[in-house]
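Visitor: I like to know what stands behind each label. Could you show me the structure and take my questions?

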Amino acid sequence: MIRSAIPPSPFDVVIVGARCAGAATAMLLARAGHRVLMVDRGRYGTDTLSTHALMRGAVVQLHRWNVLPAVIAAGTTPVRQATFFYGDEPVSVPVAPRDGIDALYAPRRHVLDRLLVDAASAAGADVVYGTRIRGLQRSEAGRVTGVVLEDASGQVRRVSSRVVVGADGLRSAVARLVGARTYRVGQHATATMYGHWDRLEVGAYEWYFVPGLGAGAIPTNAGQVCVFVSVPASAFADLSSHQPERAFLELLAQVAPRVAEQIGRAGRSVLHGFPGEPGFYRHSHGPGWALVGDAGYFKDPLTAHGITDALRDAELLANAIDLGSDDALADYQARRDAASEEVFETTDAIASFGWDLSGLRVLHEALARAMSREVKQLVGASLPRGVGTHAVR
Ligand SMILES: Cc1cc2nc3c(=O)[nH]c(=O)nc-3n(C[C@H](O)[C@H](O)[C@H](O)COP(=O)(O)OP(=O)(O)OC[C@H]3O[C@@H](n4cnc5c(N)ncnc54)[C@H](O)[C@@H]3O)c2cc1C
């Protein structure tokens, strides 16, 4: 239930961060019968800095968990083809109907995250917004035994919990509080600028590339299309200069002239900019704590795979917490790393912008193979405890 105040502890699990990673984890744990508290410093049903193309793995997860019908009912445009433009040359890939799905979707984050929070809440999780983590409680042996939270009015509450999960994003406070070490970093980072437009003639995922520049068009909710431009992070200053709209359109015209022309006619949109951040893996478990989503593992957005990772790893973590041992949490990290390594490496190579167009095609083929293996694993996995009664297979 979404509450205005923190209910009395103890909880089995406290989750900090109520977006795709945290809300999916909360939903799965609550369905398995755990007492879950999820807090977020933000507000219910809001957007966040992210485009939102879901890859097949994410849509498969939403289907397995029976959340996909709500995503479709929210008016999210079905996407039945992805077209890659290597310079002028288009390569189209149909979305094959299998694994229980016949389309991909790119719900806005204020839609997807809200639906996952609603599903967590319906399964019995307590959700409190306007609340941030201030500290951790520990046993004498150093085990994390709860959190110190500050609510919107500034009141501080100590909450006991068997496990604390940091699902609080790239700059995770939980990771900082537990001293989670980063053990692998990417070499490259891209900057992104994006907006949303009405009335564009885009019915597929469209990904555009010329040397040194990328762009994409992603159909989403309410008939809108998200359009982004990506450049090496070192060029972000040019993109976000005093005339960002002009810089955005000029770059878009170089890589995706047809989309740029339509945007020129469609009018203005609010533009959002991300300056870039190299990917990383953080140590993501310890006695009484774990990290999930961007808090524990981040990769450049250019391959649009972060939400898919978050939904895959939410299930791995929920299963581990359900098993209940520290070894299971260690196994969660090992499984996450094995499942994500190829996508991480290929994404880093794509984010280098060090390719020519034929080299980029080879990288995209490698990415497609890695994503197929990922989907196979997801489809082959047993449903988490308690999900069977909610899932349509
Ligand atoms: C520009 C850009 C474009 C992207 N495009 C795509 C895409 O097309 N497809 C895709 O799959 N992925 C994309 N990604 C990646 C995707 O956005 C992330 O992987 C995803 O948001 C991770 O979700 P999360 O739940 O782990 O964290 P987040 O979405 O970052 O959520 C973290 C939550 O934690 C809360 N929080 C933070 N600190 C605290 C605190 N101290 N106390 C309480 N709450 C706290 C925040 O309020 C927030 O709600 C993109 C990313 C960027 C930056």
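Visitor: What makes a residue a contact of Trp207, leaving aside its neighbours within four places in sequence?

Guide: Contact means heavy atoms within 4.5 Å. Ala53, Met55, Ala82, Thr83, Phe84, Phe85, Ala215, Gly216, Ile218, Phe228 and Ala304 are in contact with Trp207 on that basis, with neighbours up to four places away left aside. Please keep in mind that this is a predicted model, where local features need pLDDT of at least 70 and side-chain atom pairs count only at pLDDT 80 or more, while totals for chains, interfaces and linings use all residues. Residues are numbered from 1 along each chain as its sequence is written, and side-chain values use heavy atoms, with hydrogens and water left out.

Visitor: What makes a set of residues a nonpolar core?

Guide: The members must be buried Ala, Val, Leu, Ile, Met, Phe, Trp, Tyr or Cys residues, joined through side-chain atoms within 4.5 Å. The largest such core has 81 residues, of which Tyr205 and Trp207 touch the most other members. Helix 1 gives the largest share of this core, nine residues; helices here are DSSP runs of H or I with at least four residues, and strands are runs of E with at least two, numbered from the N terminus. A second, separate core holds 26 residues, including Ala191, Trp197, Tyr208 and Ile263.

Visitor: Why is Val159 called buried?

Guide: Buried means under 20% relative accessible area, exposed over 50%, and partly exposed in between, with a 1.4 Å probe and protein chains only. Val159 has 0% relative accessibility, so it counts as buried. Val159 sits in strand 9 (residues 156-166). Its C-alpha atom is 5.4 Å from that of Val147, twelve residues apart in sequence.

Visitor: And why is Arg98 called partly exposed?

Guide: The relative accessible area of Arg98 is 45%, so it is partly exposed. Arg98 is placed in the loop between strand 5 (89-94) and helix 4 (109-122).

Visitor: Why is Arg109 called buried?

Guide: Arg109 has a relative accessible area of 7%, and therefore it is buried. Arg109 belongs to helix 4.

Visitor: What makes the pairing of the Arg109 and Ser50 side chains a polar contact?

Guide: A polar contact is a pair of N or O atoms within 3.5 Å; within protein, one must be able to donate a hydrogen and the other to accept it, and residues adjacent in sequence count only if both atoms are side-chain atoms. The Arg109 and Ser50 side chains make such a contact at 3.4 Å. Another one, of 2.9 Å, joins the side chains of His196 and His52.

Visitor: Why is His196 called buried?

Guide: With a relative accessible area of 10%, His196 is buried, because the limit is under 20%. His196 is part of strand 11 (residues 190-197).

Visitor: How do you know which residues are around the ligand?

Guide: A residue is near a molecule if one of its heavy atoms lies within 4 Å of it. There are 30 residues around the ligand, and Asp40, Ser50, Thr51, Asp294 and Ile307 come nearest. An N or O atom in the side chain of Asp40 is 2.7 Å from an oxygen atom of the ligand. A backbone N or O atom of Ala21 is 3.0 Å from a ligand oxygen atom. Helix 9 gives the most to the shell, with three residues.
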